[in-house]
Amino acid sequence: MPRYFFHIEDGASLRDEEGAELKDLATAKCEAVKLAGQMICESASRFWENEEWKLTATDEAGLTLFCLHFVGIDAPAAMGRDPNLISAGPVEGA
């Protein structure tokens, strides 16, 4: 079975030196999403305070197979701003 490595970059790099033997790429993608979800749940408050982070999956040769990028963005309404000042529609007179 192929071995996949899941590296984390969130201002600091955490390299997966052990990896995991998984059936195929589809299984590796599923495991990456589970790992990311677990990491977000375990440090939810920290997740909202930090900038973007990513999980990069590589094979045994170090070839990047895919990346997952994460960033939490509070809506202005949740930050005490007036939601009426926010519009996703077209600007009048444009």
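E1 and E4 run antiparallel and are joined by five bridges; two strands are taken to pair if DSSP finds at least two bridges between them. Strands (E, at least two residues) and helices (H or I, at least four) are DSSP runs, numbered from the N terminus. The model is a prediction, in which local features need pLDDT of at least 70 and side-chain atom pairs count only at pLDDT 80 or more, whereas totals for chains, interfaces and linings use all residues. Residues are numbered from 1 along each chain as its sequence is written, and side-chain values use heavy atoms, with hydrogens and water left out.

The protein contains two helices and five strands. From the N terminus on, these elements follow the order β-β-β-α-α-β-β. Of the 94 residues, 22% are buried, where buried means under 20% relative accessible area, exposed means over 50%, and partly exposed lies in between (1.4 Å probe, protein chains only). The accessible surface comes to about 6900 Å², and carbon and sulfur atoms account for 54% of this area; the areas come from the Shrake-Rupley method with a 1.4 Å probe, and for residues only the protein chains shown count as cover. Among contacts between residues at least 6 apart in sequence, 43% join residues at least 24 apart, a contact being heavy atoms within 4.5 Å.

With strand E2 (residues 13-14), E1 runs antiparallel and is joined by two bridges, and isoleucine 8 has leucine 14 in E2 as its bridge partner. E1 and E2 form a hairpin with three residues between them, and glycine 11 in the turn has a positive phi of about 100 degrees. E1 also pairs in the antiparallel sense with strand E3 (residues 20-21), over two bridges; here the bridge partner of arginine 3 is glutamate 21. E1 is largely enclosed by the rest of the structure, because five of its seven residues are buried.

Phenylalanine 6 is found in E1 and counts as buried at 10% relative accessibility. Leaving aside neighbours within four places in sequence, the contacts of histidine 7 include Leu14, Arg15, Asp16 and Lys54.

Strands E4 and E5 pair in the antiparallel sense over six bridges. They form a hairpin with five residues between them, and glycine 62 in the turn has a positive phi of about 90 degrees. Leucine 55 stands opposite leucine 68 in E5. Beyond its neighbours within four places in sequence, leucine 55 is in contact with residues including Phe6, His7, Ala32 and Cys67.

The structure holds one aromatic pair. This pair, tryptophan 53 and phenylalanine 70, is stacked, at 4.6 Å centre to centre and with 20 degrees between the planes. It links distant parts of the chain, with tryptophan 53 in E4 and phenylalanine 70 in E5, 17 residues apart. Rings of Phe, Tyr and Trp (its six-membered ring) pair if their centres lie within 6.5 Å; planes under 30 degrees apart count as stacked, over 60 as edge-to-face and the rest as tilted. Tryptophan 53 is buried at 8% relative accessible area, and phenylalanine 70 is buried at 18%.

The largest nonpolar core has 14 residues, and those with the most contacts inside it include Phe6, Trp53, Leu55 and Phe70. Strand E1 (3-9), helix H1 (25-42), strand E4 (53-58) and strand E5 (64-70) each supply at least two residues of this core. A nonpolar core is a set of buried Ala, Val, Leu, Ile, Met, Phe, Trp, Tyr and Cys residues joined through side-chain atoms within 4.5 Å. In soluble globular proteins, nonpolar side chains tend to be buried together.
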